[in-house]
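Please look through the sequence and the model shown here before reading the notes. The notes are grouped by topic and can be checked against the structure one at a time.

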Amino acid sequence: MPGSIKVPVFDALNVPPAAMEQGGVEVLRAVIVDGALHVSLRRAFDDPEAWGMLIADVARHAARIYANETKLTEDEALERIRSMFDAEMDAPTDPGTTSALS
């Protein structure tokens, strides 16, 4: 419609049921805006090693979603995730920037 203002839409995920029932602390939010990743996160853990476990758990969840929604098996999806993770860690396509906003 001519002269109308386009209002941005943010398509947020639902809060996990367990968090709604028991409470919790959000530690990571990742959003794609115009093809670029934007992240909000809390340090959350005393030892950064815990982030390795968190990232591995997220990769397994993502692989299961691909196995449920595509022709890939969970193992195939996980291998593709792991392969790109290793490549990005070795040679980032965009190292991005980080700033504290609390």
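The protein has an average pLDDT of 93, and 97% of the residues score at least 70. Where pLDDT is low, the predicted coordinates should not be read in detail.

**Confidence by element**

- Strand S2, residues 36-41, has the lowest confidence, with a mean of 92.
- Helix H2 has the highest confidence, at 98.

**How H2 and H3 pack**

- Two packed helices are described by the angle between their axes and the distance between the axes.
- Helix H2 covers residues 49-69 and helix H3 covers residues 74-90; the two pack at an angle of about 135°, and their axes are 8 Å apart.
- H2 is therefore oblique to H3, since angles over 145 degrees would be needed to count as roughly antiparallel.
- The crossing in which H2 passes H3 is right-handed.
- On the H2 side, the residues that meet H3 are Ile 55, Ala 59, Arg 60, Ala 62, Ala 63, Arg 64, Tyr 66 and Ala 67.
- On the H3 side, Glu 74, Ala 77, Leu 78, Ile 81 and Phe 85 meet H2.
- Sorted by class, this contact of H2 with H3 has 10 nonpolar residues, three charged residues and no polar ones.

**Two residues with positive phi**

- Asp 34 is not a glycine, yet it has a positive phi of about 50°.
- Asp 34 sits in the loop between strand S1 (28-33) and S2.
- Is Asp 34 buried or exposed? Asp 34 has a relative accessible area of 83%, so it is exposed.
- Ala 44 is not a glycine either, and its phi is positive, at about 65°.
- Ala 44 lies in the loop between S2 and H2.
- The relative accessibility of Ala 44 is 44%, so it counts as partly exposed.
- Ala 44 and Glu 21 are 23 residues apart along the chain, and their C-alpha atoms are separated by 21 Å.

**Ala 36 in S2**

- Ala 36 belongs to strand S2.
- With a relative accessible area of 34%, Ala 36 is partly exposed.
- Ala 36 and Asp 47 are 11 residues apart along the chain, with 28 Å between their C-alpha atoms.

**Val 27 and its contacts**

- Val 27 is in the loop between helix H1 (17-22) and S1.
- How far apart in space are Val 27 and Ser 40? From C-alpha to C-alpha, Val 27 and Ser 40 are 8.0 Å apart, and in sequence they are 13 residues apart.
- Apart from neighbours within four places in sequence, Val 27 is in contact with Ser 40, Leu 41, Arg 42, Ala 44, Trp 51 and Leu 54.

Terms used: Residues numbered from 1 in each chain as written. Predicted model: local features only at pLDDT ≥ 70, side-chain atom pairs only at ≥ 80, totals over all residues. Heavy atoms only, no water. Axes fitted to C-alpha atoms, helices over the stretch in contact; angles between N-to-C directions. Helix = DSSP H or I, 4+ residues; strand = E, 2+ residues; numbered from the N terminus. Parallel < 35°, antiparallel > 145°, perpendicular 65-115°, else oblique. Left-handed = near helix turned anticlockwise from the far one by under 90°. Contact = heavy atoms within 4.5 Å. Nonpolar A, V, L, I, M, F, W, Y, C, P; charged D, E, K, R; others polar. pLDDT = per-residue confidence, 0-100. Buried < 20%, exposed > 50% of the residue type's maximum accessible area, 1.4 Å probe, protein only.
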